[in-house]
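Here is a brief report on a predicted model. Start with the contact between the chains, then turn to the folds.

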Amino acid sequence: MVAQALLEVRNLVKVFKSGMMGREIVAVDRVSFNIEEGEILSLLGESGSGKTTIARMILRLLKPTSGDILYKGRNIWKLKGRELIEYYRQVQGVFQDPYSSFNPIHKVDRPLLQALKNLQGIEGSEALKIIRETLRKVGLNPDEVLGKYPHQLSGGQLQRVSIARALLVNPKLLVVDEPVSMLDASTRIDVLNIFADLRDNEGVSILMIGHDISLSYYISDRIIILYKGSIMEEGETDAVLGSPLHPYTKMLIESIPRIEEKWGRKSRIRLDVDQKPTAMSGCKFLDRCPHAFNMCTRKPNLIRKDNRKIACWLYKNNYNQDIA
Amino acid sequence: MELLRVEDLHVYYLTLRGYVRAVDGVTFTLTKGEVLGIAGESGSGKSTLVNYIILPKPPMVRVKGRIYYKGLELTGLAREELGKIRYKGISIIPQYAMDSLSPTKKVKRIILDLARGRSREDLIEKARERLKLVNLSERVLDMYPIELSGGMKQRVVMVISTLLDPDVLIADEITSALDVTTQRAVLEMIRDFKETGIIKSVIFVTHDIAALYQIADRIMVMYAGKLVEIGDADGVVGNPKHPYTRALIESLPRIGVRYKVKRLKGIPGSPPSLLNPPRGCRFSPRCSEALEKCRFEEPPETLVDGRRVYCWLYSR
């Protein structure tokens, strides 16, 4: 028997209705994946891929249209009372913009004290001791941070405080949504190193939502490539990003500006015309794909292919092994 | 041929607590046919610098320095005079421009705002051709900005700001909010616009050195209001001289680098307040190679391998 995953996402769907006509936007379209204990998993995708919507559903900030999220085998929408509080303690979020994560009229001490009080029942001098220790763990000097208002700290400092807030209550899973995209390049890598150390030293699992391929490459054990709400390719980092098979993954990697090499002449990138994902019968990448053929008007399933999973008709030879 | 010359420019912001020295002594030129990249992190002064060239407005105060466009001094020109040069001579795409399109006007009406005495039919006809160049259908003309995706809006902004064939296009962080595939397409469009002669030269401002490296002929690196290094793109990126440029480039992960194999590190500390910048070299408090002298005296301009570098390591 295979060991139980820490978190299981099964056939997750989220549909938003937009405008007066009630146009349906399928932000997340039957997505399934696992997060194992002690791994860093990246959900990589462009805007409109549904990556943030998935993160928000895992954090219980948004209710799925259908599908299940199981934490240690239990459906997170059926948790109540103490169990729910325990879920909120074990699964913590860190968001993109630290300045909008903090209330500007309160000193940063307040949310830190509240987290300990509400989720662990720890107050007073013991709380302060834990706070100081945790701030040091994320590379901050407690004396430079405590007693300050959010606007008195730099983006990098404030994002570290926000990570410290999440760590205070000893979470098992961190869901971090674009945690470094607002930070300057010279401070990004140090924040990613904090996540790497957490995983290595404390076995914390991390689900990182992002769009920057080289940053995800640097930090992740596994990668999921999302496009318009569907998984295109999934597997170990070196497999998916080092030798991509899906035409979309290839296009993404071809588009990265690299510091060690200049682009050759003209790319063959086809831009998306309408970014809003709606219900579609065929492959969602069809209109941009340089390899599209007649099969692609039907939706490809996510199948296992060598060392990864892929949803593409080019690799259809074993399409009976539908695992999605 | 020299299109633009900026000489010892100092642009400050007047605040209640004193002057914020956002641009503090920057000198460079832009020649015809080149793409000059300006790289810097937040607070480096790069946006203030390029905005002041053609969109100077309070609370920016020019304390010192001059700007010349084809020999004509821009600094001190009256608003109306500068307005005549905007769009035709020097055109700027300010940061967030694509999110500042009037939501109540169709794209066509936004374009017609440029007419000012020109034939409206000609202008729209030209816009149609240009939209084709950036892979947009002419249907866009009858759409409102809200109906366009981010990548489409940014391409519309590019078409509008280059419609009068400016000599110089200044693009301030125009790819930062775009997806990576759209970013590559937009960067290639800028290059095409230059090669087809729609624009003659480009100043491209971004915090993303890797993106800059793809299109810039020369790169200028700014830190805390100062120019630290300027030279040809291959040299600056491949063999950076200033410790700041070096640390910045080393902190960028390459594709294929994982922390388990090679642990990278960022630059400790954060940029100084420009209300009261440190004496000497402004990078010295964060510099791992700082000498005693760096904390007291400003580094002079030094030529290293044909590149201008402002660092005491090269002029003892």
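## Contact between chains A and B

Chain A puts 37 residues into the contact, and chain B puts in 39 residues. H8(A) supplies the largest share, eight residues.

By residue class, this side of chain A splits into 16 nonpolar, 13 polar and eight charged residues.

## The sheet of chain A

Chain A holds an open sheet of eight strands with mixed pairing. The strand order is E6-E7-E8-E3-E9-E10-E12-E11. Strand E6 (91-94) and strand E11 (303-305) of chain A are the edge strands, each pairing on one side only. From one strand to the next, the twist averages 20°.

E6(A) pairs with strand E7 (residues 173-177) of chain A in the parallel sense, over four bridges. Gln92(A) has Leu174(A) in E7(A) as its bridge partner. Helix H7 (residues 155-167) of chain A packs on the sheet and touches E6 and E7 of chain A. The direction of H7(A) makes about 175° with that of E6(A).

## Chain B as a whole

Chain B contains nine helices and 12 strands. Its radius of gyration is 20 Å, close to the 20 Å that the globule rule gives for 316 residues, so chain B is as compact as a globular protein of that length. Along the principal axes, its C-alpha atoms fill a box of roughly 65 × 50 × 40 Å.

Buried residues account for 46% of the 316 residues in chain B. Of the contacts in chain B between residues at least 6 apart in sequence, 64% join residues at least 24 apart.

Key: Residues numbered from 1 in each chain as written. Chains lettered and ligands numbered in written order. Predicted model: local features only at pLDDT ≥ 70, side-chain atom pairs only at ≥ 80, totals over all residues. Helix = DSSP H or I, 4+ residues; strand = E, 2+ residues; numbered from the N terminus. Rg over C-alpha atoms; globule rule 2.2 N^0.38 Å. Buried ≥ 20, exposed ≤ 12 C-beta atoms within 10 Å, placed from the backbone. Contact = placed C-beta atoms within 7 Å. Nonpolar A, V, L, I, M, F, W, Y, C, P; charged D, E, K, R; others polar. Pairing = 2+ DSSP bridges. Axes fitted to C-alpha atoms, helices over the stretch in contact; angles between N-to-C directions.
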